[in-house]
Amino acid sequence: MTRYRNHQPLFGFCLLLFLFTRPVLGTENQADKECFESRDGMSQVKVRQINPELVNIKCSSTTGGVLWWGDPFAGTIPMGDMDIEADYSNEEAVVKPREPQLDRNKMLTICSMACHDGNYVPIPHTKNPRSLKMHLDTVPDAMNLKHGKGNIWCLDCHHLVDRTKLIDNFGYSISFNQPQKLCGKCHGQVYRAWRDGIHGKRIGMWDKGGKKRWWVCTECHNPHDVEQEERNSGFAQLRPEPAPNLPKGMVNADHERMHHGAHPDE
Amino acid sequence: MPKQDSSNTKDNKLSSRRDFLRSAGNYTVASLSGAAMLLSDQKPAKANVTWEEHFQKNYRLMTDEEKQQAIERLETRYSEEYGKQVTVDGSPSMEGVLFGYALNIQKCIGCRRCVKACVAENNQSRGDEQQIEWIRVLRMEKGKFSETDRDQHGYPESFGVQVGGNAYKPAGVVLEGQHYYEPEQVPEKDAFYFPMQCMQCEKPPCVKVCPVRTTYRDPDGIVVIDYNWCIGCRMCIGACPYWARRFNWGEPNLPKEEMNPVTHYLGNRPRMKGVVEKCTFCVQRTRKGRWTACVEVCPVGARKFGNLLDPNSEIRKVLAKKKVFRLRADLNTYPKFFYYMD
Amino acid sequence: MRFLQFVVDYLKAGFTGGILFWLWMLFLLFFIMLWGYGEYVQIANGMIVTNLNDQVSWGFYLANFVFMVGVAAAAVTVVFPAYVYKHKELHRIVVLGEMIAIAAVVMCLLFVIAHMGRPDRLWHILPVIGIFNFPHAMLTWDVIVLNGYLLLNIIGGYYYLYKKYSGGEINKSFYLPVVYIAIVWALSIRTVTAFLINTMPARPMWFHSMMPIKFITTAFAAGPSLIIVVFLLVRRFTPMKIADEAFHLLSQIVVWCLGIALFLTMSEIVTELYPATEHSLGLQYLMFGHNGLNRLVPFFWTALSLMVGSFILLLIPRIRKNLKLLPFICIAAFVGIWIEKGMGLMLPGVIPTPVGEFAEYTPSQIELMVVGGIWAIGFFLLTFMLKGAVAVLQGEVRHRTGTSKQAVSKQQAEATT
């Protein structure tokens, strides 16, 4: 704890940088409409014109979710290798890099360089989970790590000294852009299904050999809270798109909310 | 337009009534458009297209040349009407492809993004007057099970004997499905969701009942409609067990700026009043290799689509590895739309 | 030439009458104008002017169509006893039955056109220039049987009248086959119309094999009810003589068919409601409503009471044979069946939708105008056809073989006495 206190000026510098960069992004947001692809707040895209006839995305006016991609591959990078040879090896597979989404204000880079280099802030000696004392405002779900139900902790997934990276079983770093390599450590069955294209999501060309944008784990799931408590759905709650119009002549849909039996409840 | 000149010289070769009608249309149009050009600055091309379009054959029976002409007519008309370059694709079925669709009912969160994405892609009528959506999502209740909710009395009550099937308040009873659910947030704790659209049946009851064969099943498994041949009798709407078909009760309302200019003749080209429409697995996309709009938009990846004839396709892998069922399989319609669970 | 003269004379006879006749025709004409207006609005704006929607896509038009097919078929209740059982009294008026059939079929065709979203594309269904999806589409069968029936009745009825008019002998080897074919054909229009809607498992309310026979029995109750009323009016307003015996036979047909129809209704209700599966939701909605949606309930019970009431009354010979009371009972039965086999059949078939959605439907003003107008057209046609036919049968209108008008009026005088 004493070591932290000694370096408060540096931390202040980080904060300043953070505050300085934010308004710039803010004005940009206002200029272009921003929508989310799958996770609200964690998969943002700006609407722009690809050419006079075509927009990159169409958004829902009610929920701000992306409804339609003019170019499904905009802003993507090659997915990189997977650990086994399969169909996708012959197809062009791209992903949208997660880093710009997760590190929108370049904080992680600064943190790694400035403090969490393994010396300045030492690597913890034990793996005993403890609650965070600092950074509660900047670390997502800082006090709410549901994943693993207390059996795992931050540094099981995050790199010890490189905050811009995740970590694999051998201690090597994994890019935030390839979270599947991390998640696959435990969720092998889901990982296999994902590799087969039957778990998760892909957009682009369905046909064999066609270019596909693969969606990676954290584009849909919140890694700190996948189950979402008793809903157990794997997805955070969203605002739904509006219900269809009632059929002509109907004033409400109360009839479909009544239960069977002689005593309708509610 | 060049066709118009040739019909003047070929009138001794009128082989059928249809040809006669078409060339009659040409003559009328020629004189009409001439008059119109003299009278005002109205564009004659539009009138011409409308007449020829009115007397065109059923799309499937057209020669390749006639199909091309029909498509060009539409492209001209649509481009003019919507103020942008509209393309009408006429791609036939893909060789060696049978489309299949699978929906993970366990994953669906009921957000209706697919419904709206479908509308953005497929140029349906929108607005309060006439809203057409090809996908309907049902909210299914998980049921209520509580001690107080049960009916422990006999029936009839004074005899004190409970007769099977007559309990007033069966425990765990569920609603049939809510169409108009609108919670603040989905998924809800006590519900799951069930999206439905055209099942692209292998034995489609709608095709069987169509008196003019305007709706038919293409070899790649998509049940399509020639909107220009539909007489609006709505037999197909009656026959469809999945309630997948919609009718253009009035002139569709499709704002210019929202119109998707990439269209297919049998798919998302703008429709006219009085005809039936339905999901075509986004034929304008899928026959070009692109995933359907609903597959792409699903934020939870519950929708899978691919070639059933390709053993390595994702749809075949779903069928091989997951627990799959089809809706109303008892009707022997053999849907190509599957539901599955992990 | 002679035939042309027949047409002219027939039209003339059809359109001569007293003040009451013209008032009646003007009254009908008013509704026919409403029909014209309604159709115009509907064609100009699309079917959005109706209250039909994707949930309830078949409604008032098709309900009336289904019912009128029954009335058309029911002409056979006059023809059949006349030719098969050689019923003398009915034989004399068999042509009048055929006129009712013609008017009813014309109404059917008009109802179908009103129901169509694109009547301008009607030619698409014509064989050769369009595509006629025969034998796959049940609707094409219906097109064949209905138009065939119309043709058979026009040929049968007007051949007979023309021979009467021109004084020639009826060629029995031509005429009798037409009559017998028409008898069987009458059953076919009702059966095929039942098949049209009961071959769709998507609509469990209709999806049972009892439909055709139920269709036929209700038709043979409603049809003769109308025929009785029309014949009583003919007897009242024209010199045509129709023996009481004819009415007795017809009312007997009504009572038997009504009885069978009620029995079948009861069978259906028991079969559906005892297990009360989801397939019976349509019937439950019709009889008891669904979660507060109960617009059809009063109609069902009204129809049932009218049918049961008229059946019980008609069972009593004294009442059945009372020709002063009979038309009122007949009208009650007719209205009851019109509800039961019209909207009471159509709506619970489409509500709930195959995916379980309930929506209530009431016809719009345009739908009421069009349907009312088509009924007016039917009565208009029927009135003038019956007047012409009666005039021919009575010998009032006859081909003038070069003789003077005096001779004709003399013949007429002879005929009327």
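Chain A has an average pLDDT of 81, and 83% of its residues reach at least 70. Two stretches of chain A stay under 50: residues 14-31 and residues 262-266. For residues 14-31 the model has 12 contacts beyond four places in sequence; for residues 262-266 it has six. Where pLDDT is low, predicted coordinates should not be read in detail.

Now chain B. Four strands form an open sheet there, in the order β10-β2-β12-β11, and the pairing is mixed. At the edges are β10, residues 303-307, and β11, residues 323-325, each of which pairs on one side only. Ignoring direction, neighbouring strands of this sheet are turned by 30° against each other on average.

Take one pair from that sheet. Strand β2 of chain B, residues 99-104, runs antiparallel to β10(B), and five bridges join them. In that pair, L103(B) stands opposite R303(B) of β10(B). Helix α10 of chain B, residues 314-321, lies across β2, β10, β11 and β12 of that chain. Relative to β10(B), helix α10 runs at about 115°.

Last, the contact between the chains. Chain A puts in 46 residues and chain B puts in 52. On the chain A side, β6 (66-69) and β11 (202-204) each supply at least two residues. The most comes from β6(A), with three residues. What is the make-up of that side of chain A by class? It has 19 nonpolar, 14 polar and 13 charged residues.

Note on methods: Residues numbered from 1 in each chain as written. Chains lettered and ligands numbered in written order. Predicted model: local features only at pLDDT ≥ 70, side-chain atom pairs only at ≥ 80, totals over all residues. pLDDT = per-residue confidence, 0-100. Contact = placed C-beta atoms within 7 Å. Pairing = 2+ DSSP bridges. Axes fitted to C-alpha atoms, helices over the stretch in contact; angles between N-to-C directions. Nonpolar A, V, L, I, M, F, W, Y, C, P; charged D, E, K, R; others polar.
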